[in-house]
Amino acid sequence: MQLLIVEDDAEAAAYLTKAFREVGHVADHAADGLQGYAMAEGGGYDVLVIDRMLPQLDGLSLIRSLREQKDETPALILSALAQVDDRVKGLRAGGDDYLPKPYAFSELLARVEVLARRRGAPAAEPTTYRVGELVLDRLAHRVTREGQEIALQPREFRLLEYLMKHAGQVVTRTMLLENVWDYHFDPQTNVIDVHVSRLRAKVDKGFEQPMIHTIRGAGYMVRDNAR
């Protein structure tokens with residue numbers, strides 16, 4: 001996806017830009033409302049992520065101006081104002097979604113992905129993930145590789161499930177903390193490395209080609225090197 005982030009807080013903007021790029025999206029940044037309007041008006045973006053409180057032109061006015069120009073690019077509003085009336089104002093101004101601060105990046109990413117495909121039918125969640133000869137059956141809670149069953153602990157199963165769901169993509173530590181552990185803690189902790197190491201020992205041991213790869217400085221990836 002190609003995203004435009006309109007955010008005047010330099011630290012927040014840098015975090016979002018980096019996080020979206022880590023998961024494979026193109027992210028541009030505008031530091032105020034007028035710059036954001038000019039960049040958005042140029043078109044080409046799949047989703048706009050707009051802070052509500054902006055210098056030059058506030059986020060709601062920016063969205064209203066785009067809608068007046070018949071620009072229907074999906075817009076997600078980020079705001080510290082979280083009351084129902086605030087969310088209603090954002091949606092009535094033409095916003096497609098409204099996410100109060102603070103937020104988890106995984107939720108923001110999911111909402112942005114939903115907006116990007118809003119005109120298409122939603123994809124059904126698969127019951128089985130397959131990468132080469134590695135198969136994970138979500139309903140039976142069973143993992144096999146080349147027909148051999150692999151016994152996993154519940155956390156290991158969830159970890160592999162998330163990695164296989166994003167097969168061929170870099171999965172960052174932040175994504176794993178938010179989606180497999182369901183809470184935030186020091187990203188420098190080695191708990192993820194320990195669990196990945198245990199999972200790798202079970203999934204890759206005895207096989208010529210590894211499935212679970214460490215992407216230095218970025219995170220992890222499941223891919224089939226045999227293909």
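Biologist: In which helix is Leu108 found?

Modeller: A helix here is a DSSP run of H or I with at least four residues, a strand is a run of E with at least two, and both are numbered from the N terminus; in this predicted model, Leu108 is found in helix α5. Because the model is predicted, local features need pLDDT of at least 70 and side-chain atom pairs count only at pLDDT 80 or more, while totals for chains, interfaces and linings use all residues. Residues are numbered from 1 along each chain as its sequence is written, and side-chain values use heavy atoms, with hydrogens and water left out.

Biologist: How many helices and strands does the protein have?

Modeller: The protein has 8 helices and 12 strands, and its C-alpha atoms fill a box of roughly 60 × 35 × 30 Å along the principal axes.

Biologist: Does one call Leu108 buried or exposed, and at what relative accessibility?

Modeller: Buried means under 20% relative accessible area, exposed means over 50%, and partly exposed lies in between, using a 1.4 Å probe and protein chains only. Leu108 has 0% relative accessibility, so it counts as buried, and across the protein 43% of the 227 residues count as buried.

Biologist: Which residues does Leu108 touch, not counting residues up to four places away in sequence?

Modeller: Contact means heavy atoms within 4.5 Å. With residues up to four places away in sequence not counted, Leu108 touches Leu16, Phe20, Leu76, Leu78, Leu99 and Tyr103; Leu78 is 30 residues from Leu108 in sequence, and their C-alpha atoms are 9.3 Å apart in space.

Biologist: At what angle do helix α1 and helix α5 pack?

Modeller: Two packed helices are described by the angle between their axes and by the distance between those axes. The axes are lines fitted to C-alpha atoms, for helices over the stretch in contact, and angles run from 0 to 180 degrees between N-to-C directions. Helix α1 (residues 10-22) and helix α5 (residues 105-116) pack at about 65 degrees, with their axes 11 Å apart. Tyr15, Leu16, Ala19 and Phe20 of α1 make the contact with Phe105, Leu108, Leu109 and Val112 of α5.

Biologist: Which residues touch the most other members of the largest nonpolar core?

Modeller: A nonpolar core is a set of buried Ala, Val, Leu, Ile, Met, Phe, Trp, Tyr and Cys residues joined through side-chain atoms within 4.5 Å. The largest one has 44 residues, of which Phe20, Leu108, Leu160 and Leu176 touch the most other members. Helix α6 (residues 154-165) gives the most to this core, with 6 residues. A second, separate core of 18 residues includes Tyr37, Tyr45, Ile50 and Leu54.

Biologist: Where does Ala40 lie?

Modeller: Ala40 lies in helix α2 (residues 33-41) and is buried, with a relative accessible area of 3%. Leaving aside neighbours within four places in sequence, Ala40 is in contact with Leu4, Tyr45, Leu48, Leu66 and Asp71.

Biologist: Which backbone nitrogen lies 2.8 Å from a polar atom of the side chain of Asp204?

Modeller: A polar contact is a pair of N or O atoms within 3.5 Å; within protein, one must be able to donate a hydrogen and the other to accept it, and residues adjacent in sequence count only if both atoms are side-chain atoms. The backbone nitrogen of Met211 lies 2.8 Å from a polar atom of the Asp204 side chain, which also reaches the backbone nitrogen of Ile212 at 3.3 Å. Asp204 lies in helix α8 (residues 191-204) and, at 10% relative accessibility, counts as buried.
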